[in-house]
Amino acid sequence: MSVRTASESPVTRLSPAFHRLAWSNLAAQSAEQIGLAATPLVAVFALGAGAGQTGWLQTAQTLPFLLLSMLLGVWADQRSRRQLMAGAVPRVKQDESSASIRMRVLAWRQR
């Protein structure tokens with residue numbers, strides 16, 4: 001019977017690149033969840049949005065995930081990884097602009 005020491009654990013055998021990927025994924029997922037929680041709070045406290053407007057904002061935030069996740073998952077499975085990674089870079093700019101679009105929609109709904 002062999003005894004496994006801490007230096008031989010499966011975690012230490014993972015490459016540093018994997019650890020960077022895991023931590024960056026954790027940071028991205030945390031930021032997304034904070035954004036989903038903070039947007040309605042900002043709308044209510046800073047912009048004075050009502051219950052209906054906050055509901056529309058929540059719908060606008062979550063509806064794309066609901067409608068597109070299955071379709072885009074199938075599409076991604078049919079593409080090469082290289083094409084997907086090359087296309088992921090512009091997504092950062094898209095996320096930045098989507099936040100401003102959400103706030104414009106909320107401001108428009110307040111009229």
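Colleague: In which helix is Q61 found?

Modeller: This is a predicted model. In it, Q61 belongs to helix α2, which covers residues 51–77.

Colleague: Is Q61 buried or exposed?

Modeller: A residue counts as buried when its relative accessible area is under 20%. Q61 has a value of 1%, so Q61 is buried.

Colleague: Which residues does Q61 touch, apart from those up to four places away in sequence?

Modeller: Q61 touches G35, L36, T39, P40 and R102. With the side chain of T39, the side chain of Q61 makes a polar contact of 3.2 Å.

Colleague: Where is T39 placed?

Modeller: T39 lies in helix α1, residues 16–45.

Colleague: Is T39 buried or exposed?

Modeller: The cut-off is again 20%. The relative accessible area of T39 is 16%, so T39 is buried. P40 and A43 of α1 are buried as well.

Colleague: With which residues is T39 in contact, leaving aside neighbours within four places in sequence?

Modeller: T39 is in contact with L57 and Q61.

Colleague: How many residues does α1 have, and what does its reach from first C-alpha to last tell a reader?

Modeller: The reach can be set against the span expected at 1.5 Å a residue. α1 has 30 residues and reaches 42 Å, close to the expected 44 Å.

Colleague: Where does α1 bend?

Modeller: A bend is read as an angle between axes fitted on either side of a residue. In α1 the bend is about 30° and falls at A38. A proline, P40, follows within four residues.

Methods:
Residues are numbered from 1 along each chain as its sequence is written. This is a predicted model: local features need pLDDT of at least 70, side-chain atom pairs count only at pLDDT 80 or more; totals for chains, interfaces and linings use all residues. Side-chain values use heavy atoms; hydrogens and water are left out. Helices (H or I, at least four residues) and strands (E, at least two) are DSSP runs, numbered from the N terminus. Buried means under 20% relative accessible area, exposed over 50%, partly exposed in between (1.4 Å probe, protein chains only). Contact means heavy atoms within 4.5 Å. The expected span of a helix is 1.5 Å times one less than its number of residues. The bend at a residue is the angle between axes fitted to the seven residues ending there and the seven starting there. A polar contact is a pair of N or O atoms within 3.5 Å; within protein, one must be able to donate a hydrogen and the other to accept it, and residues adjacent in sequence count only if both atoms are side-chain atoms.
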